[in-house]
Amino acid sequence: MRDAIEKALEIEGLAIEHYNELIKRVKDVDYTTYDILQDILVEEVKEEQDLEDILARLELREVEEGEEIIEQF
Ligand SMILES: [Fe+2]
């Protein structure tokens with residue numbers, strides 16, 4: 001589960017980089033494309049944030065489960 005989320009995060013990061021590059025290229029040249037790419041970028045950043053939140057919750061749960069195991073001894 002964790003590996004899949006980390007891989008998805010890596011892909012989101014690459015997508016964000018890619019859209020940032022495209023935005024730089026069309027800036028001051030094609031305003032319509034610029035706006036569309038900005039909207040896509042916002043969605044990609046949201047997806048990245050969602051994945052980071054999931055990963056953080058997963059890590060917290062792992063820590064809590066680890067503490068429970070220690071308490072049993
Ligand atoms: Fe995405």
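I count a residue as buried if 20 or more other C-beta atoms lie within 10 Å of its own, as exposed if 12 or fewer do, and as partly exposed in between, with C-beta atoms placed from the backbone. I looked up Leu 14 under this rule: Leu 14 counts as exposed because it has 11 C-beta neighbours inside 10 Å.

**Entry: ground rules**

I am working on a predicted model, in which local features need pLDDT of at least 70 and side-chain atom pairs count only at pLDDT 80 or more, while totals for chains, interfaces and linings use all residues. Residues are numbered from 1 along each chain as its sequence is written.

**Entry: the whole chain**

I looked up the secondary structure and found 2 helices and 0 strands in the protein chain. Helices (H or I, at least four residues) and strands (E, at least two) are DSSP runs, numbered from the N terminus. The protein chain is more spread out than a compact globule, because its radius of gyration is 18 Å, well over the 11 Å that the globule rule gives for 73 residues. That radius is taken over C-alpha atoms, and the globule rule is 2.2 Å times the number of residues to the power 0.38. I noted the extent of the C-alpha trace along its principal axes as about 65 × 15 × 15 Å. Of the 73 residues, 4% count as buried.

I then looked up contacts (two residues whose C-beta atoms, placed from the backbone, lie within 7 Å). Among contacts in the protein chain with a separation of 6 or more, 62% are between residues 24 or more positions apart.

The expected span of a helix is 1.5 Å times one less than its number of residues. For α2, residues 31–71, the end C-alpha atoms are 60 Å apart, which agrees with the 60 Å that its 41 residues should span at 1.5 Å a residue.

How do α1 and α2 pack? I found an angle of about 160° between them, with their axes 9 Å apart. That makes α1 roughly antiparallel to α2. Axes are lines fitted to C-alpha atoms, for helices over the stretch in contact, and angles run from 0 to 180 degrees between N-to-C directions. Angles under 35 degrees count as roughly parallel, over 145 as roughly antiparallel, 65 to 115 as roughly perpendicular and the rest as oblique. I also noted that the crossing of α1 and α2 is left-handed; this term applies if the near helix is turned anticlockwise from the far one by less than a right angle, and right-handed applies if clockwise.

Which residues of α2 are buried? I found Leu 37, Glu 44 and Leu 51. With a count of 3 buried among its 41 residues, α2 is hardly covered. What covers these buried residues includes α1.

**Entry: residues of α1**

I returned to Leu 14, which is found in helix α1. His 18 counts as partly exposed because it has 14 C-beta neighbours inside 10 Å. From His 18 to Glu 65 I read 38 Å, C-alpha to C-alpha, at a sequence separation of 47 residues.

**Entry: the loop**

I placed Asp 28 in the loop between α1 and α2. Asp 28 has a phi near 65°, a positive value in a residue other than glycine. Most residues other than glycine have a negative phi. Asp 28 counts as exposed because it has 7 C-beta neighbours inside 10 Å.

I found Met 1 in the segment before α1. Met 1 counts as exposed, with 8 C-beta neighbours inside 10 Å. Its C-alpha is separated by 9.4 Å from that of Leu 55, 54 residues away along the chain. Leu 58, in helix α2, is partly exposed, with 13 other C-beta atoms within 10 Å. Leu 58 and Met 1 are 57 residues apart in sequence and 9.1 Å apart in space, C-alpha to C-alpha. Not counting residues up to four places away in sequence, Leu 58 touches Met 1 and Arg 2.
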